Amino acid sequence: MQRTSTVARPDQGRQPFTSLGDNPRAYARLAVRLNAPSYAPEEIVELVGRINPPIADLAAAPEPDALVADLLLLRFLEPLAAGRYRRWPHLADATEDLYLRYSALTLLMPIAGEPDAYELPILAVPRDARAAADWPGGETVLRWYRAAGLVEPTPEGWRLTADALHPIDESTPTGRAINTFLAHLERARATQAPPADEALDGLPILDPATLEARIAEIQRELLIDRQTILRIYRSLIAGRHVILSGPPGTGKTHLARILPQILWREERPARLRLPNRPELSPLAEPEEERETRHGYDVEVVTATEDWGVRHVIGGIAPQLQRNGEQRVLVYGVRHGYLTRVVLQNYGSDGEHLPAAPPTRRPLRNGATSYRGRWLVIDEFTRAPIDAAFGSLLTTLGGQSRATLKIPTDDGNERDVPLPADFRLIGTLNSFDRHFLNQISEAMKRRFTFIDVLPPARELAAAEHGMAIYRALLSLAKRGLPGIHSQPEAGRAAWEGVLDVRREEQPDDPELRVRYLVTFHDEEAARAFASFQRIFAAIRVYRLLGTAQAEAVYATLIAGRIVGFTWPLALDSALADVLADQLQVLARDELRVLLAFLDHAAQPDDLARRIQHILAEIPTTRLTAHLAQLRSAGAQIGDDVAPAAITPELLPPALRAGEALIIERGGLFGQQLQIFVGERGL
């Protein structure tokens with residue numbers, strides 16, 4: 001029989017199984033009487049009106065589409081062509097009691113927030129006693145289980161009866177249908193059983209081959225060296241919470257997002273999926289599916305200076321509630337960021353406490369499955385950490401069976417175990433590192449601090465390749481003309497100008513992935529080379545991250561597309577994106593950068609200009625400046641006088657080469673000169 005493509009769908013905002021009231025037996029009584037070859041929705045409503053005595057106490061006739069949607073979810077109706085329906089043939093003859101049992105076992109529930117998606121509650125019913133709120137589908141579904149005699153009350157809550165999922169002794173079509181479904185259900189439930197590590201005692205240890213493959217996967221998105229990733233992984237499996245510190249733009253927050261997801265991703269064993277759509281027969285054969293469960297989802301929040309215990313754990317907070325046409329101000333407990341995330345690892349929505357004792361549940365974010373969820377706090381030290389986290393010293397101390405004390409509306413506290421595989425990751429701008437002085441030593445001991453620095457100088461080509469690639473991806477998403485990308489293949493191109501491709505390098509001990517750039521335009525190659533030299537010179541004094549290079553490339557490319565010359569496109573990109581971040585540099589450092597713009601092609605002139613700048617500053621400042629040059633690779637001893645500095649002694653980033661395509665008098669140089677003047681006031 002041909003199926004219709006216009007099956008009545010449940011209204012996502014409507015509670016299912018309400019079209020005939022809340023008595024399950026009313027729907028079974030109607031199903032017994034659906035004997036005609038087919039029905040339009042309005043004809044089913046007419047049938048309801050003709051049944052005497054009435055099957056339900058209704059103030060008005062049910063809405064046709066709502067009634068049909070309920071009967072579809074209860075698996076009574078088969079969709080036909082032209083918007084008509086019939087009772088499934090496997091329900092040809094049965095009693096109301098059999099129909100109740102059949103519908104309770106096979107019914108579907110719409111998934112909130114996911115249009116046209118449904119779950120089969122019986123597949124996930126708990127094997128132990130639970131409160132009604134903790135059953136799949138809650139009280140709505142449990143009402144059907146009670147009516148069908150599938151559950152019984154206990155002091156701990158409701159549980160399945162001993163024979164709830166046993167075959168029944170019936171030879172009718174409906175009895176055979178129930179037994180067929182139960183056989184499929186038994187097979188499917190066996191594949192749904194959680195693996196042994198579901199209640200994890202800690203983070204799983206990855207085998208070496210898997211770990212190396214996952215590191216390479218992270219490096220496809222971020223130019224983070226292998227050793228740094230291993231240090232983070234080591235700390236996490238050792239039970240430590242981690243603070244990632246580093247200059248702006250090094251990818252700390254992005255790394256905190258993707259590392260837990262990628263490292264602990266797993267391919268789940270094959271599962272059997274029962275038909276879970278209203279138009280499908282519940283008796284259809286289960287289908288095998290393989291599920292990828294990602295590691296840990298993260299919730300990212302940004303710390304602020306007004307944080308307190310209420311923001312992290314929770315506390316009394318004012319809330320507006322609607323009372324008819326009015327809104328009433330009430331006070332109640334509102335959970336903080338950490339509490340909400342921890343509760344989500346137990347199947348809670350983060351607002352309500354789970355049943356006691358709480359049980360770990362897989363977590364879903366849309367269609368993606370995760371082991372659990374972690375909390376990432378951006379700009380960690382912007383908050384008064386000891387005031388906000390002080391009560392968590394014991395919880396975060398790494399002891400086994402640590403608990404989180406959660407305030408409740410009755411004025412008491414509820415202890416909820418901190419999952420052994422839960423971690424907190426913070427990010428810290430190293431330019432704000434002085435804020436660490438505001439954290440007590442006891443709190444610092446709860447975290448491992450790991451620096452995420454810009455790539456080493458020898459990786460400059462790889463870094464700029466990645467920055468160009470990411471800039472092109474960003475511009476392609478925005479539809480800029482001539483920009484194309486193939487993220488899955490690791491390719492991007494700017495027509496007639498350049499191409500970027502990803503290359504895997506399994507033999508590289510530190511960087512398993514690189515992005516290689518090929519230029520098709522000589523002027524473009526000169527412009528990009530000029531920026532790379534200027535960016536390296538800036539890094540002598542201020543460690544900017546790869547994200548800043550990506551932003552300059554995107555602005556440069558966009559400028560060229562809108563008609564700027566190459567020099568103006570680069571000069572304006574530097575002035576608009578980077579200049580303001582250099583305002584904090586010392587006056588002598590800014591003057592050296594200006595000298596580099598002036599004499600980038602004259603080694604001796606550049607060295608003499610730097611000698612002159614260094615000779616004019618006080619001894620204390622000179623010592624600090626020389627230390628900066630040495631850290632950037634300068635071959636300058638402690639006892640070398642400024643006048644003795646030759647081109648060969650300067651750091652590689654400040655050595656002269658080809659001429660730049662921009663001049664000191666351009667937009668960028670003017671900005672730096674203004675900062676020099678401000679420093680001199």
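1. A polar contact is taken here as a pair of N or O atoms within 3.5 Å, where, within protein, one atom must be able to donate a hydrogen and the other to accept it. The model is a predicted one, and in it the backbone nitrogen of Leu-424 lies 2.9 Å from a polar atom of the His-241 side chain.

2. His-241 belongs to strand S7, which covers residues 241–246, and it counts as buried because its relative accessibility is 3%. Leaving aside residues up to four places away in sequence, His-241 touches Leu-396, Phe-422, Arg-423, Leu-424, Arg-446, Phe-447 and Thr-448.

3. Thr-408 sits in the loop that runs between strand S16 (403–407) and strand S17 (413–417). Not counting residues up to four places away in sequence, the contacts of Thr-408 are Val-333, Leu-353, Glu-413 and Arg-414.

4. Helix H4, residues 96–106, is mostly covered, with nine of its eleven residues buried. The buried residues of H4 are Leu-98, Tyr-99, Leu-100, Arg-101, Tyr-102, Ser-103, Ala-104, Leu-105 and Thr-106. Their cover includes helix H1 (24–32), helix H3 (64–73), strand S2 (85–87), helix H5 (138–147) and helix H6 (173–192).

5. The largest nonpolar core contains 79 residues, and Phe-528 and Phe-668 are those with the most contacts inside it. Helix H14 (residues 460–477) gives this core its largest share, nine residues. Another core, of 61 residues, lies apart from it and has Tyr-39, Tyr-145, Ile-168 and Ala-188 among its members.

6. Which residues does Phe-668 touch, not counting residues up to four places away in sequence? They are Ile-534, Ile-538, Asp-571, Leu-574, Ala-575, Ala-579, Leu-582 and Leu-597.

7. On the surface, Ile-316, Leu-320, Leu-329 and Tyr-331 form a nonpolar patch whose accessible area together is about 480 Å². Strand S12 (314–323) and strand S13 (326–335) each supply at least two residues of this patch. Leu-320, which is placed in strand S12, counts as exposed because its relative accessibility is 58%, the cut-off for that class being over 50%.

Note on methods: Residues are numbered from 1 along each chain as its sequence is written. This is a predicted model: local features need pLDDT of at least 70, side-chain atom pairs count only at pLDDT 80 or more; totals for chains, interfaces and linings use all residues. Side-chain values use heavy atoms; hydrogens and water are left out. Patches are made of residues with over 30% relative accessible area and no salt bridge: like charges are joined within 9 Å, nonpolar side chains (Val, Leu, Ile, Met, Phe, Trp, Tyr) within 5 Å. Accessible areas come from the Shrake-Rupley method with a 1.4 Å probe; for residues, only the protein chains shown count as cover. A salt bridge is a side-chain nitrogen of Lys or Arg within 4 Å of a carboxyl oxygen of Asp or Glu. Helices (H or I, at least four residues) and strands (E, at least two) are DSSP runs, numbered from the N terminus. Buried means under 20% relative accessible area, exposed over 50%, partly exposed in between (1.4 Å probe, protein chains only). A nonpolar core is a set of buried Ala, Val, Leu, Ile, Met, Phe, Trp, Tyr and Cys residues joined through side-chain atoms within 4.5 Å. Contact means heavy atoms within 4.5 Å.
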